[in-house]
Amino acid sequence: MKIIQKTVEDTPFIIAGKTFTSRFMLGTGKFKNKPDVTGSITASGTKIVTVALRRIDTQRHQENILEYIPEGITLLTNTSGARNAEEAVRIARLAKESGCGNWIKIEVINDSKYLLPDNTETIKATEILSSEGFIVLPYMFPDLYTARALVKAGAAAVMPLGSLIGSNQGLKAKEFIRILIDEIDETPIIVDAGLGAPSHAAEAMEIGADAVLVNTAIAGAENPAGCAEAFSLAVRAGRQAYLCGDRSRPVSTTSTQPTPKANASSPLTGFLYENDLSS
Amino acid sequence: MNITLNGKLKEFLPALNLKSAVEQFRKDKTPVVAELNGEIIKLPRWEETTLKEGDIVELVSFVGGG
């Protein structure tokens, strides 16, 4: 009998000490029919889904989103609607009070055109909520200094945007995310926002992202559950490619070819802070 | 007495407690978290929490979100 060997061994996907069997995360917004949320969760095998908090509708009946999320799924409440750290902290505390856990995706946005996250306020909110015992996953613009500050502030993962929220533009921030992946070893890097096709998700995983989060592309699909499964398969394919050593772009050796590393255009000598006081 | 509930000014009879206020405005059994003047009020305290003129009440619940 031929023994089929597993070709690739992966390390477990762990956030804040909790192990997850899927590297695909699902957002639950904008689904036309709530049963499609359940269908998408089941079909994709996701173990982490995001929800939001809003004022109750005092005019009409509101469906309880929690009823459509199967047991055993980790709820990650986002702080959407927060325009600064203070508002994000307020939303996180309300979410915790609801009894649905203390996992928070910090989302601080005060730009209504591009919906770009405010990294400075996000760091502040991460500091406060981590010190209060929340498991904090901050959504951020992929900037290395911010990512380091978030890790220092206690973030359990860092969630750089692939492109603008809901834009389906894909991995426009690829080279900057690649830097985070290269430099941030302490926490997982989860690509969030803008992934519009399974190939985008695969691309993020191929360069070494630990997981991805998708919402709009699935919620807006004709067959959301089928689309969620396609994303999940793409995440697995991309992960396996990464583990097999595919880095998707070779490091260039000539000066005219693109390179994933920076090359200073100004001299790297004669800096003002350099002193040699030996005689 | 006037109370601001979810950003809208509402008129209530005096001596209303938070539990009754929530019941008046909740259209279903969706779990709700309440905040009174910026402070979270835990469910067991809703009945004993009497609202007064000028109070600001926020009632929130979970919705789908990314």
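Chain A exposes about 14500 Å² of accessible area, of which carbon and sulfur atoms supply 51%. The structure described here is a predicted model. Of the 279 residues of chain A, 48% count as buried. The secondary structure of this chain comprises 8 helices and 10 strands. Its radius of gyration is 20 Å, close to the 19 Å that the globule rule gives for 279 residues, so chain A is as compact as a globular protein of that length. Along the principal axes, the C-alpha trace of chain A spans about 80 × 60 × 35 Å.

The largest nonpolar core contains 67 residues, and the residues with the most contacts inside it are Val212(A) and Ile218(A). Helix 2 of chain A, residues 85-97, provides the largest share of this core, with 7 residues. When residues up to four places away in sequence are not counted, Val212(A) touches Arg23(A), Phe24(A), Met25(A), Ile190(A), Val191(A), Leu195(A), Ala201(A), Ala204(A), Met205(A) and Val235(A). Another core lies apart from the one described above; it has 18 residues, among them Leu16(B), Val22(B), Ala34(B) and Ile41(B).

Two buried positions of chain A were examined individually. Leu171(A) is located in the loop between strand 8 (159-160) and helix 5 (174-183) of chain A. With a relative accessible area of 9%, under the 20% limit, Leu171(A) is buried. Neighbours within four places in sequence aside, the contacts of Leu171(A) are Gly162(A), Ile177(A), Val191(A), Leu195(A), Glu203(A), Ala204(A) and Ile207(A). Val191(A), Leu195(A) and Ala204(A) are in contact with Leu171(A) and also touch Val212(A). Between Leu171(A) and Arg236(A) the separation is 65 residues in sequence and 17 Å in space, taken from C-alpha to C-alpha.

Glu121(A) belongs to helix 3 of chain A, which covers residues 119-131. This glutamate is buried as well, with a relative accessible area of 15%. Apart from neighbours within four places in sequence, Glu121(A) is in contact with Asn84(A), Ala85(A) and Val108(A).

Aromatic side chains were considered next. Over all chains, the structure holds 4 aromatic pairs. The ring centres of Phe13(A) and Phe20(A) are 6.2 Å apart and their planes stand at 50°, so this pair is tilted. Both Phe13(A) and Phe20(A) are buried. In chain B, Phe12(B) and Phe25(B) form an edge-to-face pair, with 5.7 Å from centre to centre and 75° between the planes. Phe12(B) lies in the loop between strand 2 (8-11) and helix 1 (18-25) of chain B, whereas Phe25(B) lies in helix 1 of that chain, so the pair ties together parts that are 13 residues apart in sequence. Phe12(B) and Phe25(B) are both buried. A single aromatic cluster is formed by Phe13(A), Phe20(A) and Trp103(A).

Lysine side chains are also placed over aromatic rings in chain A. Lys96(A) lies over the face of Phe134(A), at 4.9 Å from the ring centre. Lys105(A) lies over the face of Tyr139(A), at 5.2 Å from the centre of that ring.

Note on methods. Residues numbered from 1 in each chain as written. Chains lettered and ligands numbered in written order. Predicted model: local features only at pLDDT ≥ 70, side-chain atom pairs only at ≥ 80, totals over all residues. Heavy atoms only, no water. Phe/Tyr/Trp six-rings, centres within 6.5 Å; stacked < 30°, edge-to-face > 60°. Buried < 20%, exposed > 50% of the residue type's maximum accessible area, 1.4 Å probe, protein only. Helix = DSSP H or I, 4+ residues; strand = E, 2+ residues; numbered from the N terminus. Lys NZ or Arg CZ within 6 Å of the ring centre and 35° of its normal. Rg over C-alpha atoms; globule rule 2.2 N^0.38 Å. Areas by Shrake-Rupley, 256 points an atom, 1.4 Å probe, with all protein chains shown as cover. Core = buried A, V, L, I, M, F, W, Y, C linked by side-chain atoms within 4.5 Å. Contact = heavy atoms within 4.5 Å.
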